[in-house]
Amino acid sequence: MRRSAARRHASAQGVVLIVFLLAPYVAAAQVKPVVATAGVAIEDVSPRYEFVGRVEAVNSVAIRSRIDGFLASRVFAEGEVVRKDQELFTIESTAYEIALKEAQAVLLSAQASRTEAERRLQRNQSLNRQTVSQAILEESETARETAQANFLSAEAGVSRAELNLGYTRIASPIDGRIGISAFTVGSLVGPSSGALATVVQMDPVRAVFSVTDRSILDLRSATGGTSKEQLATGFAISLRLSNGAEYPEHGQIEFFENEIDVQTGTLPIRALFANPEGLLVPGQFVTIIVRQADPRPRPVVPVAAVQQDRDGRYVLLVGGDSKVELRRVEVSGQSGSNWIVVGGLDGEEKVIVEGLQNISPGVEVEARQEPSPVPSQAGNGSAPVSGSRP
């Protein structure tokens, strides 16, 4: 009995020892692999092209003096926004006021002469033919016509003097922002003195970029041989500023140039953009982004999530039961750092992007959520059309 009890005691000790030694391995076997997952994003993967462009003003007016004279005043602040017909400069008007009075005096004299000539002609016409000869009658008619011509000339002189007097007030012909004044008060200016200042329209503005003639042909071919006018309506235009920020307003292609630049082999294109906040300044370089107007949403997954074997490409998913699932996918190309998926995913799955080497289908895992794929900024795999500075 004592021997049997001893054996049972030794056997129990051995079981305890075995359990103690195997405990770490059993615990390790029960630990779930940790993986990182990312949600499948839906992104517009329509063809996207980028060009270097330059902003230019739709209207830019050099303000000039049409008459000679001394600047009497400058009634604007340099760099401010001015409105159409707003007064900008005045030129001393005394000499032009005197010239107008002189022209008006000449007109009154011509009017009196015309009236006298008409009276003489009417008097001679009313007299008997035996009293007034034909020669005198003809002379009266000639005098009346000469007086009428002198009156019209004097009338034109008054109009010219009024016009010159009006030119002493120089106003802005458009709404826009005015630049630096080239002359100060007291300076002698005239038609040959150059621009007094420049007014640039700020809203809207144009973005000008150039596309190679081959790119135009490729685009027309890819869209079924559409015309340039149809291309203009089939693409959406946006801008990226020099600091990388997207410009909030979308543009519209205004027109294509009618000739290829023989030196660069490119076709200049102009797009119109609203500029209510004045962020776009004429002469500024921007990146012009051209994409199809009709979006093409597709699921995209990070490149690291897609694997390939002899049967094709696949991704590993985390199902609702936290088990790994293998899903076959079809891709059409890359969009930045993501694959464009055209079959196998619908955008609601969670794909595994890290920890793939430690798992296999059917294994239960612990999932850690990662950010969704970053939208592409460089196109979707279609060869970008290289732009050039206009």
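In the predicted model, Arg327 is partly exposed, with a relative accessibility of 23%. The side chain of Arg327 forms a salt bridge with Glu349, and the closest N and O atoms of this pair are 3.6 Å apart. Arg327 belongs to strand E20 (residues 324-328), whereas Glu349 sits in the loop between strand E22 (338-343) and strand E23 (350-354), so the contact ties together parts that are 22 residues apart in sequence. Glu349 has a relative accessibility of 12% and counts as buried, because the cut-off for burial is under 20% relative accessible area.

A salt bridge also pairs Arg270 with Glu56, with 3.1 Å between the closest N and O atoms. Arg270 is located in strand E15 (residues 266-273) and Glu56 in strand E3 (residues 48-57), so parts that are 214 residues apart in sequence are tied together by this pair. Both Arg270 and Glu56 are buried.

Glu87 and Arg169 are joined by a salt bridge with an N to O distance of 3.0 Å. Glu87 lies in strand E7 (residues 87-91) and Arg169 in strand E8 (residues 169-171), so the pair links parts that are 82 residues apart in sequence. Glu87 is partly exposed, at 27% relative accessible area, and Arg169 is partly exposed as well, at 42% relative accessibility.

Arg270 and Glu56 are also members of a network that includes Arg54, Arg206 and Glu254, joined through salt bridges that share partners. In total, 12 salt bridges were counted.

How values were computed:
Residues are numbered from 1 along each chain as its sequence is written. This is a predicted model: local features need pLDDT of at least 70, side-chain atom pairs count only at pLDDT 80 or more; totals for chains, interfaces and linings use all residues. Side-chain values use heavy atoms; hydrogens and water are left out. A salt bridge is a side-chain nitrogen of Lys or Arg within 4 Å of a carboxyl oxygen of Asp or Glu. Helices (H or I, at least four residues) and strands (E, at least two) are DSSP runs, numbered from the N terminus. Buried means under 20% relative accessible area, exposed over 50%, partly exposed in between (1.4 Å probe, protein chains only).
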